[in-house]
Amino acid sequence: MKEQSLLHIVLIYLAVINVVTFFMYGVDKWKARKSKWRIREIALLGLAVLGGSIGAWLGMKVWHHKTQHKGGVRDVDNIVEGTSSSMVFLPLSLFNLH
């Protein structure tokens, strides 16, 4: 597989997982307002770990989701930092860009 096509697949995956994560945070916030069954926090954080950290961070900001709970904010902040670091160093090692 060509390096460019692998990079293309990774970028599409990241775009999709971030959009899904963003809307999942919105759905959970809507369910909270309607007193309905909620999405488990571990599922939301799991989406962030799987590459949707930017979507999770944006979802928290846009939907005001769990912004009053410092634990949840710190969890997402830590995941964003970790995945940001991975996004820098992983391409360097995969594509010999160092």
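Contact is taken here as heavy atoms within 4.5 Å. By this criterion, Ile39 touches Met24, Val27, Asp28 and Leu44, with residues up to four places away in sequence left out. The model is predicted: local features need pLDDT of at least 70, side-chain atom pairs count only at pLDDT 80 or more, and totals for chains, interfaces and linings use all residues. Residues are numbered from 1 along each chain as its sequence is written, and side-chain values use heavy atoms, without hydrogens and water.

Asp28 belongs to helix 1, which spans residues 3-33. Helices are DSSP runs (H or I, at least four residues), numbered from the N terminus. Asp28 counts as buried because its relative accessibility is 0%. Buried denotes under 20% relative accessible area, exposed over 50%, and partly exposed the range in between (1.4 Å probe, protein chains only). Beyond four places in sequence, Asp28 touches Arg38, Ile39, Leu44 and His65.

Two polar contacts of the Asp28 side chain stand out here. A polar contact is a pair of N or O atoms within 3.5 Å; within protein, one must be able to donate a hydrogen and the other to accept it, and residues adjacent in sequence count only if both atoms are side-chain atoms. The Asp28 side chain reaches the backbone nitrogen of Ile39 at 2.8 Å. A polar contact of 2.9 Å joins the side chains of Asp28 and Arg38.

The structure holds one salt bridge, defined as a side-chain nitrogen of Lys or Arg within 4 Å of a carboxyl oxygen of Asp or Glu. The side chains of Arg38 and Asp28 form this bridge, at 2.9 Å from N to O. Arg38 lies in the loop between helix 1 and helix 2 (41-63) and Asp28 in helix 1, so the pair ties together parts that are ten residues apart in sequence. With 33% relative accessibility, Arg38 is partly exposed. Side chains of opposite charge can pair when their charged atoms come close.

Thr21 is also found in helix 1. Its relative accessible area is 0%, so Thr21 is buried. A polar atom of the Thr21 side chain lies 2.6 Å from the backbone oxygen of Ile17. Leu47, Gly52, Gly55 and Ala56 are touched by Thr21, not counting residues up to four places away in sequence.

Aromatic pairs number two. Rings of Phe, Tyr and Trp (its six-membered ring) pair if their centres lie within 6.5 Å; planes under 30 degrees apart count as stacked, over 60 as edge-to-face and the rest as tilted. Phe22 and Phe23 form an edge-to-face pair, with 5.2 Å centre to centre and 80° between the planes. The rings of Phe22 and Trp63 have centres 5.2 Å apart and planes at 40°, so this pair is tilted. Phe22 lies in helix 1 and Trp63 in helix 2, so the pair ties together parts that are 41 residues apart in sequence. Phe22 is buried at 17% relative accessibility. Phe23 is partly exposed at 49%, and Trp63 is partly exposed at 28%. Phe22, Phe23 and Trp63 form one aromatic cluster.

A nonpolar core is a set of buried Ala, Val, Leu, Ile, Met, Phe, Trp, Tyr and Cys residues joined through side-chain atoms within 4.5 Å. The largest has ten residues, including Tyr25, Ile39, Leu44 and Val80. Helix 2 and helix 3 (70-94) are the elements that give two or more residues to this core. Helix 2 gives the most, with five residues.
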